[in-house]
Amino acid sequence: MAQHKNNTLYLVANWKMNPTTYKQAESLAQKTVHGIGGGAQDTIFDSRINVVICPPFPYVSIVSDVSKDVDVGAQNCFYEDAGAYTGEVSSRMLKSMGCSYCIVGHSERRAMGETNGMVNKKVLALLQEGMRPIIAVGEHTRKADNGTVMVDPMIKRQITDALAGVNERQAKRVIIAYEPVWAIGTGQSADPDDILTVRIFIQKTLHTLYGQAGIAIPILYGGSTDSNNAVVLLKNTGMRGLLVGGASVKEDAKEFIAMYATIQQELL
Ligand code: PEP
């Protein structure tokens, strides 16, 4: 895992189930790393931005081989170490392949039956391996009351359930991604003011659980981010980075590279 300071921003690529072939994945990984490194032969990354690429399982080693300057994450894991669990992949396996992060509780997985209880078991398994879980939470529908956003209490439940049995020391490795379900892949990102409101709500929840250590847990925003809105969504919202879906695989990663560049130039 690359070493970063406490105030680093996270730019996390969730490739979802893309691209279609191994060769295309090699090309996408190389282009992403090359583009972020500014096209230099020996890529020079900005230590203030922690880039994490989360490819599908079969492409994990491609990304971990392509550069030591990007961290590799998975999009899911199973909570048992080994055994008769056909089709599952354990956190230990992922760790042994170079993954240091793993998204858990993504809404697309919750839609396939992942419960808060399962998310909790996965979080505990990842922490046991010394990995960093990126716990995705978020409401389903956009709610407004006289123009003021009402924070969905479900978010508090998703966080407290996911972190059951996680101690303060382990919590330092946790990342929360606020991803309103209605914003994912729709081209409709949340308003910065609303993101700020939810960020404060999440931080209060984490403070109740872990005191000062809870305040330090990074919170990311995800949902229809691109190079046009990246800075606006981070500026004044207190978010510590972005979880990027569609834009991370678009046009040979051009959009993702542009997001990195605009954050670097306009925010840092
Ligand atoms: C995601 O899948 O986590 C996501 C944020 O997707 P998109 O950026 O495409 O909305």
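Predicted model: local features only at pLDDT ≥ 70, side-chain atom pairs only at ≥ 80, totals over all residues.
## Basis

Local features need pLDDT of at least 70 and side-chain atom pairs count only at pLDDT 80 or more, while totals for chains, interfaces and linings use all residues. Residues are numbered from 1 along each chain as its sequence is written, and side-chain values use heavy atoms, with hydrogens and water left out.

## Ligand site

A side-chain N or O atom of Lys 16 is 2.6 Å from a ligand oxygen. A polar side-chain atom of Asn 14 lies 3.3 Å from a ligand oxygen. For Gly 185, a polar backbone atom is 2.7 Å from an oxygen of the ligand. The protein covers 96% of the 290 Å² of accessible area that the ligand has on its own (Shrake-Rupley method, 1.4 Å probe).

## Gln 75

Gln 75 sits in the loop between strand E3 (71-74) and helix H3 (91-96). Helices (H or I, at least four residues) and strands (E, at least two) are DSSP runs, numbered from the N terminus. Gln 75 counts as buried because its relative accessibility is 19% (buried: under 20% relative accessible area, 1.4 Å probe, protein chains only).

A polar atom of the Gln 75 side chain lies 2.9 Å from the backbone oxygen of Lys 16. The backbone oxygen of Pro 55 is 3.4 Å from a polar atom of that side chain. Leaving aside neighbours within four places in sequence, Gln 75 is in contact with residues including Asn 14, Trp 15, Cys 102 and Arg 109 (contact: heavy atoms within 4.5 Å).

Helix H8 (residues 192-210) has 19 residues and reaches 26 Å from first C-alpha to last, close to the 27 Å expected (1.5 Å times one less than the number of residues). Its buried residues include Asp 194, Arg 199 and Tyr 210. Just after H8, Gly 211 takes a positive phi of about 60°.

Helix H11 (residues 254-266) has 13 residues and should span 18 Å; its end C-alpha atoms are 18 Å apart, which agrees. Among its buried residues are Glu 255, Phe 256 and Ile 263. Their cover includes strand E1 (9-14), helix H1 (22-36) and strand E2 (49-54).

Key: Buried < 20%, exposed > 50% of the residue type's maximum accessible area, 1.4 Å probe, protein only. Polar contact = N/O pair within 3.5 Å; in protein donor to acceptor, adjacent residues only side chain to side chain.
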